[in-house]
Amino acid sequence: MTTAPPAADRASPTPRTVAATVVDTLLAHGVDRVFCVAGESYLAVLDELHAASTVDVVTSRHEASAGFAAVADAKLTGRAGVCLVSRGPGATNASIAVHSAWYDATPLVLVIGQVPRCDLGTEAFQEVDYARAFSGLAKEVLVLLEPARTGEFVARAFRTAQSGTPGPVVLVLPEDVLDLPDPVGAGRRVLAAAAHRHHLPVLTSNKRQDLFDNRDPCYAGHLHNNTQERQRTLLDRADLVLAVGTRLDDVTTLSRRLPRPGNPAQALVHVYPDPQRIGRTHPPTVGLAADPVQFLRQLADLAPAGVDAGRVGWVDELHQLEVAKARWAPHPADDGLAFGALVAGLDELTGGDVVVTLDSGTFTSWLYRYLRLTGDARMLGVGSSAMGFGVPGGVAAALRTGRPTVVIVGDGGFLMTGSELATAVSRRLPLIVVIANNGSYGTIRAHQERAYPGRVIATDLDNPDFVALARAYGALGLAVTTEQDVEPCLARALAHGGPVVVDVRTSLSWISAYRRLSVSGPVSMEVSVG
């Protein structure tokens, strides 16, 4: 007969901690990957993640990179990305990703370790009042002070991030709370079906070029900062604008030209899940607070009313303009390679079926013009045009998709967050980092030459040897200096299977796909679209 030991000798069960509840609630919300820079203020959460074998903890080299990677992951999954950072410098470093998530309506949960509750409001070491610091950037800032509300607060963070207009939520966890006991996430297919059913031209919004097959006859282009006047004129012929799933920001609407507010000849039907967004900048003829995918599914099922010859011709004209723009022709230059040659080569080798992450800069115009995305292609960027997204975004994309991922980044942007190459090497990711290396902050240089021709200051860059730097990290380093180098270098990079850096010695004079820069004069327009 077995008898129970005296009460005094019985081992007490280990009490469940707040940190454990945080991690369990993450698991309950389907979180399978988090990005972080380790910090002492949330070590208890990291320890619980150590025991959660189903969560991939990605160690980043900078909090901005961790945040950008979480934003990219959210763009790919449609669920809130998760980033964990420590207090003070860690949190403020990550704020750039919070701003980008807000600007792009991307769900993000930023978890910040905080000073102990007894130190709040005392200007303790690395203390920040996050409710004030993030008040204009996040949808909500939640500060967990009561252990009993842990599950509620974590669930609320995800619900808020993913509901209405998606966006970032900041969850603040004071360090002393974490060890206390706890007492108690297919639209592309239906878009194509709807377009084909009614023979509608499809324009993708800013930074969303991958939403529709660029080689489809109904594809009418991508609305961005370099949308050209000929295309704008063709778009002005629309008598109805059906805006589905877009907030109609100023870039997408060509500075509120399409549709023009109050233009009776161009009716607007705006479909968006958050009713507070409808009519904010463009009063609609019809506003529908509805799920965009469900709307498109019903539109695809609706019997067509008939298509007249005028619309058929107009749709074809819009698409043929895109086809003409995408035909590559040599752009001779004596200061490097026109970056479009690299992009045209990437299009040729992949057929447009490629995963791409973009940093910000004038080089992106070459992608928008010469890379025709198709198949299961993805293109990720941030509408805020924050530099530094490219490499960490590429790390997240390669982890999430398992496919070779091409990062297109300028020399300036690479030197901001290129240290995430170390993360790619440690994970042996199929990441190809293509650097448009023109020795300049190109976008600002273009503005500078326009406003103050010949007075160059603060835009020239002295760069390291990127090929040698890649090798130092343990990646393959390649250089492209002529158009003849493009195909063999890209083919080798795509076949490598691990991290690669391709240093493209890019022409500064060919500053973009539509503008040529004179180093001693103003910017001139390139008029050809061939």
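This report describes salt bridges and the surroundings of one serine in a predicted model.

## Basis

Residues are numbered from 1 along each chain as its sequence is written. In this predicted model, local features need pLDDT of at least 70 and side-chain atom pairs count only at pLDDT 80 or more, while totals for chains, interfaces and linings use all residues; side-chain values use heavy atoms, leaving out hydrogens and water.

## Salt bridges

The count comes to 24 salt bridges, each being a side-chain nitrogen of Lys or Arg within 4 Å of a carboxyl oxygen of Asp or Glu. D32 pairs with R400, their closest N and O atoms lying 2.8 Å apart. D32 is partly exposed at 29% relative accessibility, and R400 is partly exposed at 22% (buried means under 20% relative accessible area, exposed over 50%, partly exposed in between; 1.4 Å probe, protein chains only). A network of salt bridges links D32, D73, R79 and R400.

Another salt bridge joins R505 and D503 at 2.8 Å, N to O. Here R505 is partly exposed at 36% relative accessibility, whereas D503 is buried at 1%.

## Surroundings of S360

S360 is buried, its relative accessible area being 11%. Neighbours within four places in sequence aside, S360 is in contact with S385, A386 and M387 (heavy atoms within 4.5 Å).

A polar atom of the S360 side chain lies 3.3 Å from the backbone oxygen of S385. The S360 side chain also reaches the backbone oxygen of A386, at 3.4 Å.

Methods
Polar contact = N/O pair within 3.5 Å; in protein donor to acceptor, adjacent residues only side chain to side chain.
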